[in-house]
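These are my notebook entries on a single chain.

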Amino acid sequence: MKKLAEKEILLKTSIKALPDGTRTYFLGKSLESLEGGKGIFVLLYPTRTMENLHVEDSTNVHLLNHMKELGLKEYGIVNLFSTVTQSRLSTRGLALDTENLNYIKESIFREIKSPADKVIIAWGNSHQTSQVVNRAKLEVLKMWEEIHGGGMLYQLTADGLDKENVGVHPLYMGIRYANALWKLEPYPAEKIRAELKAMVDAAKKIQREDVKEPSAEKSEKMEKIKKMPTGRTASEKQAAEK
């Protein structure tokens with residue numbers, strides 16, 4: 001037998017969460033054997049807790065598989081909402097998670113000092129008609145602008161990906177582009193921020209209107225708001241829900 005080579009790869013996982021498993025604020029992964037920078041992915045909601053930290057979900061499997069080509073030695077995940085969900089997020093009764101947003105602002109965005117550290121918008125387009133989800137997205141983009149001004153935000157892409165698909169989720173990338181070379185490109189933050197603000201402001205205006213206005217007329221206005229562009233296409237949502 002020829003002399004065998006041996007290589008060891010150490011994967012470190014860290015989490016910042018409530019001990020009771022109800023809320024997770026940060027999940028981190030790092031590979032000591034890789035060279036590169038740090039990425040912070042902004043997703044929708046967490047699935048990992050202190051109890052199931054040893055189990056990899058599909059999102060982390062896809063990200064780990066593509067860390068090297070993305071030029072990342074480590075990455076962290078924060079979410080628009082901190083409530084742990086093992087199935088699809090329900091927006092019924094969902095409120096803006098101000099405590100979680102403040103954590104992102106003070107413990108993540110404000111701590112970014114190096115240009116090698118990249119924030120990657122990857123919340124996908126699920127719940128794109130939900131006003132509370134759109135408000136959370138808008139708050140994240142406003143917080144980034146407040147702290148870093150014109151600093152670059154990034155998004156995932158690959159050859160063949162429709163340029164209209166912005167802020168795509170790692171699960172979508174894993175379904176459609178698992179064997180492709182994943183890359184980072186600039187995220188159109190200014191454009192999306194303006195679109196989200198228009199949607200949120202329009203919804204607030206309708207909510208302030210006289211309650212005596214016929215419900216049918218209100219419904220028609222809300223439908224127009226839902227159809228306002230947000231830089232995302234239906235194809236991504238359909239693929240992610242399969």
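In which handedness of crossing does α2 pass α3? I looked this up first, bearing in mind that the model is predicted. I found that the crossing of α2 past α3 is right-handed.

**Entry: the helix pair.** I took α2 as residues 98-108 and α3 as residues 131-148. I noted an angle of about 25° between the two, and axes 10 Å apart. Angles under 35 degrees count as roughly parallel, and α2 and α3 are therefore roughly parallel to each other.

I then listed the residues that meet. From α2 I recorded L101, I104 and K105; from α3 I recorded A136, E139, V140, M143, E146 and I147. Sorted by class, this contact of α2 with α3 has six nonpolar residues, three charged residues and no polar ones.

**Entry: the largest nonpolar core.** I next asked which residues of this core touch the most other members. They are L80 and Y187, in a core of 33 residues. The elements that give two or more residues to this core are β2 (24-31), β3 (37-43), α2, β5, α3 and α5 (189-208). I noted that α3 gives the most, with eight residues.

**Entry: a loop residue.** I looked up where H127 lies and found it in the loop between β5 (117-121) and α3. Its phi is near 60°, a positive value in a residue other than glycine. I set this beside the general rule that most residues other than glycine have a negative phi. Is H127 buried or exposed? Buried means under 20% relative accessible area, and H127 counts as buried because its relative accessibility is 12%.

**Entry: the whole chain.** I recorded seven helices and seven strands. Read along the sequence, they follow the pattern β-β-β-α-β-α-β-α-β-α-β-α-α-α. Of the 242 residues in the chain, 46% are buried. Finally, I noted that, of the contacts with a separation of 6 or more, 75% are between residues 24 or more positions apart.

Notes:
Residues numbered from 1 in each chain as written. Predicted model: local features only at pLDDT ≥ 70, side-chain atom pairs only at ≥ 80, totals over all residues. Heavy atoms only, no water. Axes fitted to C-alpha atoms, helices over the stretch in contact; angles between N-to-C directions. Helix = DSSP H or I, 4+ residues; strand = E, 2+ residues; numbered from the N terminus. Parallel < 35°, antiparallel > 145°, perpendicular 65-115°, else oblique. Left-handed = near helix turned anticlockwise from the far one by under 90°. Contact = heavy atoms within 4.5 Å. Nonpolar A, V, L, I, M, F, W, Y, C, P; charged D, E, K, R; others polar. Buried < 20%, exposed > 50% of the residue type's maximum accessible area, 1.4 Å probe, protein only. Core = buried A, V, L, I, M, F, W, Y, C linked by side-chain atoms within 4.5 Å.
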